[in-house]
Amino acid sequence: MTTNWYNNAVFYELYIRAYKDSNGDGNGDFRGAIEKLDHIKSLGVDCIWVMPHYPSPLLDDGYDVSDYLGVHPDYGDLDDFRAFLDAAHARGLKVVTDIVMNHTSDQHPWFQAARQDKNSPYRDYYVWSDTGTEYADTRIIFLDTEPSNWTYDDVAGQYFWHRFYSCQPDLNYDNPQVHEEMFNAIRFWLDLGVDGFRVDAIPYLYEREGTNCENLPETHDFLKKMRRMVDDEYPGTLLIAEANQWPEDLLPYFGTPEEPEFQVCFHFPIMPRLYMVLKKGDKTPIVDILNRTPAIPPGAQWMTFLRNHDELTLEMVTPEERKWMRQQYAPNPRMRLNLGIRRRLAPLLDNDKRKWFLLNALFLSLPGAPIIYYGDEIGMGDNIWFPDRHGCRTPMQWDNDRHAGFSTAKETYLPVLCDETYGYQQVNAAAQEADPASYLNLTRFLIGTRQSLAALRSGQFVWVETGNDAVLAFRRHVDGTDGVLCVFNLSDQPQTFILRRPRVDVLSRPEVKMRGKVGLRPYACHWFRN
């Protein structure tokens, strides 16, 4: 694969704890994940993104790290991690892992040493205050659970700063030693052979009075330093920025050709608008946000997704749009969390395969490197009665055996889904293998078709005017070739579209040649090639 392999890649987000339990303790592990790598490979994806696998109290599913240089014992050990990496690479799959640079767990030895001794060198690894009144212009991200970004620690006798849960104290990037600790963690995993990192919560590294403590110049200075170290010592390493920001605020995270930062940045604002246009039957929100998206440096790429392990965030919409989205997609207050919606893809779409196919076909044909969230390839559901985001992080449903074939344990870390619609008895990978119209085989078909078309993998993007707000159309092409014409009926009513010359719809099975006035069924989607 080329140095810029990520430009054409499809990613699969893997939660090790949820995937496959190899030793019967109720938790997924790396040895279990090895058993299921052929399933991941069969989807047609190119790279696995592994959610945090580090030692952790798991109060935030591993994003509360207590040791950057190890593997959570529930998931195995370093030998198991190496075996997983080798098995993935043997199948031609790249592996990127999460690295959580903004904060640690309060159980990390650094924080424990810091709170117990004001003179400890680790005290300056974190951000402290006598009053807890600094940085008052900074928003609270976890509105439902955290009254403040400061929490008082009785042992330390001071307040500590945290942008997320109070069990996750922020690291102090004004301390150069913190830089070295993070660089050493990066080196450790790259020496083991990982292909890159998704860098979590990157806008929040520095704090400055009188600002909102996001996207500060000091943060970008550090990221340029990090990229130089990686490029010098581990050339070809992929760095992905997780920054929930507006497109124009994301642009600096790519850096410049002279001073690069990340090769890939998540494009958060696209995601809620994909749901918006489907429910409204009006393409305007997605057209507006893509028109607002600036050009990015050569070799850089956006990362897109429909769902992931977090809530469907509504931070990057207006308050009016947020209210409307909650009314449409989260009518039960239990479906809501912070500024978002804690639901999986299939339930969000009423388990309507037409909507599911359209939304996947749309997001897989837009510019960017797409991510598939584990379980969405079989239409898994959620459990809104679990706390926090746990309802979307339940065990993978492999078959209709006990615990969905996930584990032989008496109890699993979370119960498998058992409801009438999404329970493992009805929704599981084994049952879908033989059904060409199953979510699983439709996922394979869409990804395989996308990957067979260079224009959809890496082509330029041009809008095609339809004269109809319900019909979205654009062309993807490489070096001026005709490429692929993508057409979507976003509404629940029939529409029409004029094809100026004969084209083949590669989403029809078998493929169908069309021309002239084409009738578009409700929620129809077409990828036309010559």
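**Figure 1. Cysteines in the predicted model.** C213 is buried, having a relative accessible area of 1%, where buried means under 20% relative accessible area, exposed means over 50%, and partly exposed lies in between (1.4 Å probe, protein chains only). C418, with a relative accessible area of 52%, is exposed. Its sulfur lies 16 Å from the closest cysteine sulfur, that of C392, which is too far for a bond. Across the whole structure a search finds zero disulfides, a disulfide being a pair of cysteine sulfur atoms within 2.5 Å. Residues are numbered from 1 along each chain as its sequence is written, and side-chain values use heavy atoms, with hydrogens and water left out. This is a predicted model, in which local features need pLDDT of at least 70 and side-chain atom pairs count only at pLDDT 80 or more, while totals for chains, interfaces and linings use all residues.

**Figure 2. The whole chain.** The chain contains 16 helices and 20 strands, taken as DSSP runs numbered from the N terminus (helices H or I, at least four residues; strands E, at least two). The C-alpha trace spans about 75 × 50 × 45 Å along its principal axes. For 530 residues a compact globule would have a radius of gyration near 24 Å, and the chain agrees with this at 23 Å; the radius is taken over C-alpha atoms, and the globule rule is 2.2 Å times the number of residues to the power 0.38. Of the 530 residues in the chain, 63% are buried.

**Figure 3. Surroundings of A455.** A455 belongs to helix α16, which covers residues 454-458, and counts as buried at 7% relative accessibility. Apart from its neighbours within four places in sequence, A455 is in contact (heavy atoms within 4.5 Å) with R476, H477, V478, G483 and V484. By comparison of position, A455 and I34 stand 421 residues apart in sequence and 33 Å apart in space, C-alpha to C-alpha.

**Figure 4. Aromatic pairs.** The structure holds 42 aromatic pairs, formed by rings of Phe, Tyr and Trp (its six-membered ring) whose centres lie within 6.5 Å, with planes under 30 degrees apart counted as stacked, over 60 as edge-to-face and the rest as tilted. W5 and Y6 make an edge-to-face pair, 6.2 Å centre to centre with 75 degrees between the planes, and both W5 and Y6 are buried. Y275 and Y329 also form an edge-to-face pair, at 5.6 Å centre to centre and 80 degrees between the planes. This pair links distant parts of the chain, since Y275 lies in helix α9 (residues 270-280) and Y329 in helix α11 (residues 319-329), 54 residues apart.

**Figure 5. Charges over rings.** The charged end of K36 sits over the ring of W398, 4.3 Å from the ring centre, and R123 lies over the face of W128 at 4.4 Å from the ring centre. A charge sits over a ring if NZ of Lys or CZ of Arg is within 6 Å of the ring centre and within 35 degrees of the ring normal.

**Figure 6. Nonpolar cores.** The largest nonpolar core has 158 residues, and F11, Y275, F488 and W527 have the most contacts inside it. A second, separate core of 11 residues includes L485, L499, V518 and F528. Such a core is a set of buried Ala, Val, Leu, Ile, Met, Phe, Trp, Tyr and Cys residues joined through side-chain atoms within 4.5 Å.
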